[in-house]
Number of protein chains: 2
Amino acid sequence: MRLVLIGFGNLGRGLARALLDKGRALHSSYGLRTKVVAVVDEYGAAVDDGGVNLRRLLQIVEGGGQVPDYPGGKREKPAVEVIEEVEADVVFELTPTNIETGEPGLTHIQRAMRAGRHVITSNKGPLVVAFSELERLAEESEVEFRYSASVGGAIPVIDLAKNLLAGNEIRAIRGVLNGTTNYILTRMSKEGVPFDVVLREAQELGIAEKDPTLDVDGIDAACKVVILANAILGMDAKLADVKVTGIRNVTPEVTKLARETGYTVKLVGVAKPDLLEVAPKLVPLGHPLAVGGTLNAVTLEMDLAREISITGFGAGPRETASALIGDMISIHRSVGAR
Amino acid sequence: MRLVLIGFGNLGRGLARALLDKGRALHSSYGLRTKVVAVVDEYGAAVDDGGVNLRRLLQIVEGGGQVPDYPGGKREKPAVEVIEEVEADVVFELTPTNIETGEPGLTHIQRAMRAGRHVITSNKGPLVVAFSELERLAEESEVEFRYSASVGGAIPVIDLAKNLLAGNEIRAIRGVLNGTTNYILTRMSKEGVPFDVVLREAQELGIAEKDPTLDVDGIDAACKVVILANAILGMDAKLADVKVTGIRNVTPEVTKLARETGYTVKLVGVAKPDLLEVAPKLVPLGHPLAVGGTLNAVTLEMDLAREISITGFGAGPRETASALIGDMISIHRSVGAR
């Protein structure tokens with residue numbers, strides 16, 4: 001399986017490391033041999049039909065270099081050209097999320113599909129902006145399109161709902177979908193410290209970003225609600241359809257009172273056919289959504305199984321690589337089965 | 001897909017009801033048409049090549065009748081004869097669990113496989129007694145063998161581990177695998193009531209059985225540890241390999257002290273290559289295993305995704321039907337893909 005990596009930040013490098021670690025196991029367990037034939041970052045490309053030496057490329061980039069510093073690398077080679085010119089089976093789209101335009105990921109994915117490449121992405125932007133268009137394009141182009149890594153990091157909630165719980169009608173999805181806000185709320189609840197103090201500490205620890213708006217105002221969680229609603233409930237939702245309230249107004253008094261009465265405050269995203277919402281909610285202690293720290297959790301409400309919840313780490317390069325590689329194996333299996 | 005149901009107790013009737021409810025959806029979503037061509041209980045069989053009328057059979061049995069009271073039903077027709085004589089694609093083995101001999105389920109499953117039928121079971125007995133033999137026989141007989149319903153009720157933990165987290169090396173499994181003991185421990189912890197008082201109430205509510213030994217002494221959980229170890233970790237474990245401690249010695253003082261220090265007491269099953277164990281353990285509040293009531297939860301520990309947990313209702317006819325139907329769709333997909 002010939003792979004192209006578009007984006008070589010934390011996630012791209014995490015995937016490269018996992019591919020190095022897992023190469024042998026993927027072959028022995030699934031008969032899957034992978035070869036990365038091109039890697040692209042914002043400065044240019046490394047292309048090698050015989051396989052890019054990932055160990056060497058990681059050394060270059062982690063030593064402060066750029067992808068085109070790789071031997072034979074091409075400066076200012078646009079990603080779209082690599083996508084169209086380099087013969088490959090799968091394109092990994094791993095550029096940063098832009099929830100306004102979906103770019104540059106949206107164009108990368110469209111070009112890759114039209115060129116007949118299967119696409120795996122962690123990028124919420126294109127999914128929030130053009131979910132149904134991309135699903136349609138994948139179908140027309142007869143390629144597979146997977147985006148497990150876009151919601152819940154390592155948690156394979158979309159495949160859980162669509163494949164493993166296939167006998168069920170899924171009626172509602174509720175989730176703690178943002179690790180940063182969960183960390184902040186957990187610490188506020190445990191230590192009685194105000195929001196802005198915990199936020200500052202989370203920023204120092206690298207758990208919250210310098211501009212924390214997307215996280216603390218619930219927008220990142222709302223993007224995930226949109227993706228879950230579209231992927232699992234078959235809706236055609238956009239970000240503007242989600243009623244969003246963040247956690248800035250949650251006080252230590254509220255978290256303390258909740259705790260004393262057997263509850264905990266969580267930023268919960270809800271996707272139901274008649275409601276898309278993100279807001280702080282009281283969750284009973286002992287409920288699967290009452291997870292602490294940076295954990296994410298999603299509860300699926302169904303007719304037969306009633307409630308199934310899945311919990312795990314919602315971010316991190318290794319965890320995201322788990323989802324990306326899971327998608328790759330899944331494509332290998334379904335393409336192999338044709 | 002022609003189906004045979006062996007066993008028509010709570011689980012068999014739950015499956016029949018779910019098949020009635022879901023017939024149309026299974027066809028429209030997956031192109032899967034099902035027909036139950038035989039049902040067997042301990043008194044005899046109902047066989048109908050054109051399809052047993054499940055609604056009618058349910059009325060008969062729920063009105064106090066037996067399966068052979070169905071029009072044309074056969075008294076004292078042994079299950080093994082039905083399994084071998086009635087042409088079918090899938091045999092559902094749903095008889096009660098016997099963890100000493102695995103019978104009668106073990107013989108039913110072996111005969112079904114040798115007759116070329118795919119097998120789906122909820123029965124822990126045959127899996128605890130002869131896991132690797134049955135896996136081998138399925139392979140030799142070129143049939144599919146699924147047993148999602150044997151662990152965790154509606155929770156598809158085996159497929160989660162083997163398919164959705166396929167890129168990961170799974171190193172350990174920890175689980176709250178028995179709903180009855182979880183209910184008892186949750187109530188002891190919340191209300192400070194002693195074990196035997198809560199047990200008696202649980203028996204009155206039908207949550208615990210009259211002879212609660214298998215549950216409260218940890219044996220049911222140990223069976224599930226054996227199945228998880230064999231199915232997910234590729235071990236060849238038997239029940240005798242599991243170190244088992246039940247919950248009889250857990251006092252309200254212990255559960256109270258745990259709670260005051262941010263923990264909760266759970267009966268936890270552990271499966272690791274070097275340890276198979278069931279024992280009461282302290283679990284931090286906010287950890288995915290700290291689920292209350294009759295919920296079950298399983299945490300998988302892996303190299304890439306670190307920890308993924310899945311939670312749901314571990315028992316009940318509807319929940320079990322979710323797992324049985326999920327297995328049936330999975331067989332339909334994998335056989336269809338050949």
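Q: In this predicted model, which residue stands opposite A:Ile310 in β13(B)?
A: Let's start where the two chains meet. Strand β13 of chain A, residues 307-313, pairs with β13(B) in the antiparallel sense. Within that pairing, the residue standing opposite A:Ile310 is B:Ile310.

Q: How many bridges pair β13 of chain A with β13(B)?
A: Strands of a sheet pair through backbone hydrogen bonds, either parallel or antiparallel. Here β13 of chain A and β13(B) take the antiparallel sense. The number of bridges between the two strands is five.

Q: What relation do chains A and B have to each other?
A: Chain B can be laid on chain A with an RMSD of 0.0 Å, using a turn of 180° and a shift of 0.0 Å along the axis.

Q: What percentage of the contact residues of chain B recur in chain A?
A: The contact takes 37 residues from chain B and 37 residues from chain A. The same surface serves both copies. The share of chain B's contact residues that recur in chain A is 100%.

Q: Of the residues on the side of chain B that touches chain A, how many are nonpolar?
A: Elements giving two or more residues to this side are α1 (10-30), α6 (157-164), β13 (307-313) and α12 (317-336) of chain B. The residues of this side include ten polar and six charged ones. The nonpolar count is 21.

Q: At roughly what angle do the axes of helices α1 and α2 of chain A cross?
A: Two packed helices are described by the angle between their axes and the distance between the axes. For α1 (residues 10-30) and α2 (residues 54-62) of chain A, the axes come within 10 Å. The crossing is left-handed, and its angle is roughly 145°.

Q: How many charged residues are in the contact of α1(A) with α2(A)?
A: On the α1(A) side, the residues that meet α2(A) include A:Arg13 and A:Arg17, while A:Arg55 is among those on the α2(A) side. By class, the contact has seven nonpolar residues and no polar ones. The charged count is three.

Q: Which strands are the edge strands of the seven-stranded open sheet in chain A?
A: The sheet runs in the order β4-β3-β2-β1-β5-β6-β7, with mixed pairing. An edge strand here pairs on one side only. The edge strands of chain A are β4 (74-75) and β7 (145-146).

Q: Which residue in β4(A) stands opposite A:Ala45?
A: Strand β3 of chain A, residues 44-47, runs antiparallel to β4(A), and two bridges join them. Opposite A:Ala45 stands A:Lys74.

Q: At about what angle does helix α12 of chain A run to β6(A)?
A: Helix α12, residues 317-336, lies across β5 (90-93), β6 (118-121) and β7 of chain A. Its angle to β6(A) is about 160°.

Q: Is A:Leu94 buried or exposed?
A: A:Leu94 lies in the loop between β5 and α4 of chain A. Its contacts include A:Leu5, A:Leu11, A:Leu15 and A:Ser122. A residue counts as buried with 20 or more other C-beta atoms within 10 Å. A:Leu94 has 27 of them, so A:Leu94 is buried.

Conventions: Residues numbered from 1 in each chain as written. Chains lettered and ligands numbered in written order. Predicted model: local features only at pLDDT ≥ 70, side-chain atom pairs only at ≥ 80, totals over all residues. Least-squares fit on C-alpha atoms with pLDDT ≥ 70 in both. Contact = placed C-beta atoms within 7 Å. Helix = DSSP H or I, 4+ residues; strand = E, 2+ residues; numbered from the N terminus. Nonpolar A, V, L, I, M, F, W, Y, C, P; charged D, E, K, R; others polar. Pairing = 2+ DSSP bridges. Axes fitted to C-alpha atoms, helices over the stretch in contact; angles between N-to-C directions. Left-handed = near helix turned anticlockwise from the far one by under 90°. Buried ≥ 20, exposed ≤ 12 C-beta atoms within 10 Å, placed from the backbone. Lists of a residue's contacts leave out its neighbours within four places in sequence.
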